[in-house]
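Have a look at the fold, then read on.

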Amino acid sequence: MRIFSTLVFPRRQQQQIFNLRQFQTTTILRKPISIAPIQIPMDAEQSLRQSLSEKSSSVEAQGNAVRALKASRAAKPEIDAAIEQLNKLKLEKSAVEKELQSIISSSGNGSLNREAFRKAVVNTLERRLFYIPSFKIYSGVAGLFDYGPPGCAIKSNVLSFWRQHFILEENMLEVDCPCVTPEVVLKASGHVDKFTDLMVKDEKTGTCYRADHLLKDYCTDKLEKDLTISAENAAELKDVLAVMEDFSPEQLGAKIKEYGITAPDTKNPLSDPYPFNLMFQTSIGPSGLIPGYMRPETAQGIFVNFKDLYYYNGKKLPFAAAQIGQAFRNEISPRQGLLRVREFTLAEIEHFVDPENKSHPKFSDVAKLEFLMFPREEQMSGQSAKKLCLGEAVSKGTVNNETLGYFIGRVYLFLTRLGIDKERLRFRQHLANEMAHYAADCWDAEIESSYGWIECVGIADRSAYDLRAHSDKSGVPLVAEEKFAEPKEVEKLVITPVKKELGLAFKGNQKNVVESLEAMNEEEAMEMKASLESKGEVEFYVCTLNKTVSIKKNMVSISKEKKKEHQRVFTPSVIEPSFGIGRIIYCLYEHCFSTRPSKAGDEQLNLFRFPPLVAPIKCTVFPLVQNQQFEEAAKVISKELASVGISHKIDITGTSIGKRYARTDELGVPFAITVDSDASVTIRERDSKDQVRVSLKEAASVVSSVSEGKMTWQDVWASFPHHSSAAADE
Ligand code: AMP
């Protein structure tokens with residue numbers, strides 16, 4: 001009989017347990033940012049690759065024929081005819097090349113378009129100080145970024161909406177725990193042993209790279225840029241991209257060698273892949289004797305406080321605790337700008353629920369929502385994400401339970417209200433091999449950006465794993481109780497190790513054997529009882545000793561007894577939505593970015609179409625021309641806006657009004673008040689460029705109502721004299 005003691009796996013790597021078992025390795029890979037699967041119609045691409053390789057052979061053969069004719073001093077007409085044929089073949093080859101290139105570019109892999117778009121967004125973001133590479137004057141450090149003034153304002157708006165949408169609306173218990181965490185906590189959670197990525201080193205310079213990223217780059221580059229690879233090679237590369245998440249270090253190393261992948265900067269050979277723990281290590285206190293780490297996630301702070309929070313909540317389930325805070329991960333070679341960084345803000349919810357009742361009283365509020373979902377069956381059969389009704393997805397069992405479904409719906413509402421394009425947002429279910437053995441179901445909210453589909457929110461039903469891990473390590477039971485109205489008679493398994501006999505037999509190992517015996521589940525215990533009764537002795541694996549011992553009948557008594565119980569004690573399940581705030585904000589930048597021609601049509605002007613909810617500044621106030629009367633009026637409006645808490649900016653420079661609008665459009669400011677008389681002003685809406693005229697007195701309250709969503713722009717348009725003023729703008 002084989003008994004497992006509690007195995008400890010880190011939260012993010014538990015999903016790899018399947019792989020771990022499959023490949024018999026102790027290294028657990030973190031999930032890379034998922035990139036959109038290549039959705040080129042296979043037949044078209046394959047047949048074009050095939051045809052291109054045939055055309056290339058024909059061109060080469062004809063080139064050889066021409067050279068042979070010239071060498072043999074053949075007649076001129078004969079040589080000319082051969083050259084004409086060669087040119088014809090070259091033209092045909094280049095036509096196929098173009099077709100293949102265009103099919104690759106138009107299939108979601110148009111890396112040139114995507115890169116050009118990203119460049120435009122990132123240039124604007126950096127120029128307008130949405131973010132700044134940290135420590136820039138000292139050349140910066142990869143993976144660390146500052147938020148500049150508009151970036152800070154957006155982050156604060158996103159977080160305050162998060163608090164309102166989740167903490168306030170769901171009555172969650174917010175906590176704020178330290179970033180510095182003692183080792184024992186992260187040992188219990190499994191991070192100390194397993195929170196790793198596979199790394200390779202440049203053998204000469206020692207520069208480090210993430211092994212899976214190098215392999216992924218190689219495959220994607222070949223597929224996108226090398227038109228000469230055969231259809232079979234292309235299919236193999238796609239296969240590698242699809243399964244590389246499952247590769248063991250050995251398999252990853254073998255592929256890197258097979259493809260001749262070298263260090264990108266120097267072309268030097270690379271070491272074999274080996275696991276690198278991503279946590280920043282530190283020590284607590286001057287003695288250096290208390291080892292600690294910067295937390296890689298905020299969730300552990302909630303789990304270790306479960307007992308107190310449960311009491312605070314009047315010992316009632318379900319309840320949720322939430323935390324917003326910094327997380328630290330020493331990413332091996334962070335690229336992808338704000339998407340993979342070494343310090344980032346996480347907003348996490350741990351919703352504790354009775355494992356026997358995962359219904360949600362407010363599920364009907366979200367049941368009718370329809371959005372892109374990507375269940376595992378569709379992924380396995382090569383289909384794409386489909387619009388599904390959330391209620392149906394739960395009732396058909398595609399989503400495991402109502403509470404998980406409820407959070408999926410709430411996350412959808414949160415992201416779309418922020419301004420994420422609903423057509424570029426999908427909920428992708430984890431494949432069976434991505435999930436931990438104990439997890440009931442996991443879905444990622446993925447947002448499409450120029451980097452592909454990016455996991456921005458993970459929503460997982462993690463069952464009782466985390467609370468059990470901390471109960472085991474700390475010895476403090478992290479459990480909930482259900483009091484019965486009437487006492488219930490239950491049959492209970494009773495395992496009583498006979499310590500005297502075990503002590504005589506196993507001496508110093510007695511404690512380990514006792515613990516393993518007591519940890520048996522019902523099936524294992526009853527199997528042991530039967531064997532002891534029939535054979536008097538049984539072989540028993542004690543995993544903390546990593547050996548099998550012989551248990552005799554006099555060493556343990558196993559029975560089932562009837563007992564009256566007044567309550568049920570159980571470890572709650574946890575459903576966890578975990579939000580990467582920086583990733584959401586970056587995707588929001590891309591989804592809201594757009595350009596439009598200036599009035600003269602000679603340049604493209606950038607704008608961010610942020611919804612007022614997240615816009616860093618809600619309104620600008622401009623006197624139309626520099627004069628004291630208008631400036632005074634602008635100051636009065638500014639004071640009123642400040643008093644109702646509307647972020648705004650006064651611009652009294654003499655620059656043309658068109659230029660001032662363009663400057664604020666680039667910051668995504670949704671409204672502009674232009675003072676052009678001492679009685680009334682215009683309010684201009686950024687996206688339509690339409691204007692309404694309101695009295696000076698009303699200006700601040702109208703902008704405040706429309707910024708806070710109490711009125712729509714359509715309401716404002718209908719209520720005041722207006723004109724569609726695109727022409728007056730620039
Ligand atoms: P995980 O615990 O790995 O599932 O991560 C939780 C969330 O944190 C993910 O959904 C991401 O949005 C975000 N995240 C993870 N790693 C990083 C990183 N290095 N930089 C920025 N965001 C991250």
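## A helix across the sheet

Helix H5 (residues 149-168) lies across E3, strand E10 (319-328), strand E11 (343-353) and E21, and H5 runs at about 160° to E10. Helices (H or I, at least four residues) and strands (E, at least two) are DSSP runs, numbered from the N terminus. Axes are lines fitted to C-alpha atoms, for helices over the stretch in contact, with angles from 0 to 180 degrees between N-to-C directions.

This is a predicted model, where local features need pLDDT of at least 70, side-chain atom pairs count only at pLDDT 80 or more, and totals for chains, interfaces and linings use all residues. Residues are numbered from 1 along each chain as its sequence is written, and side-chain values use heavy atoms, leaving out hydrogens and water.

## The sheet itself

The open sheet has nine strands with mixed pairing, in the order E3-E10-E11-E21-E16-E15-E14-E12-E13. At its edges are strand E3 (173-174) and strand E13 (386-389), each pairing on one side only. Strands pair if DSSP finds at least two bridges between them.

Within the sheet, E16 (residues 452-461) and E21 (residues 573-580) run antiparallel and are joined by five bridges. Here Asp461 stands opposite Ile575 in E21.

## A helix pair

Now for two helices: H21 (residues 628-643) packs with H23 (residues 699-707) at an angle of about 40°, their axes 9 Å apart. That makes H21 oblique to H23 (under 35 degrees is roughly parallel, over 145 roughly antiparallel, 65 to 115 roughly perpendicular, and the rest oblique).

Ile637, Glu640 and Leu641 in H21 meet Ala699, Ala700 and Val703 in H23, where contact means heavy atoms within 4.5 Å.
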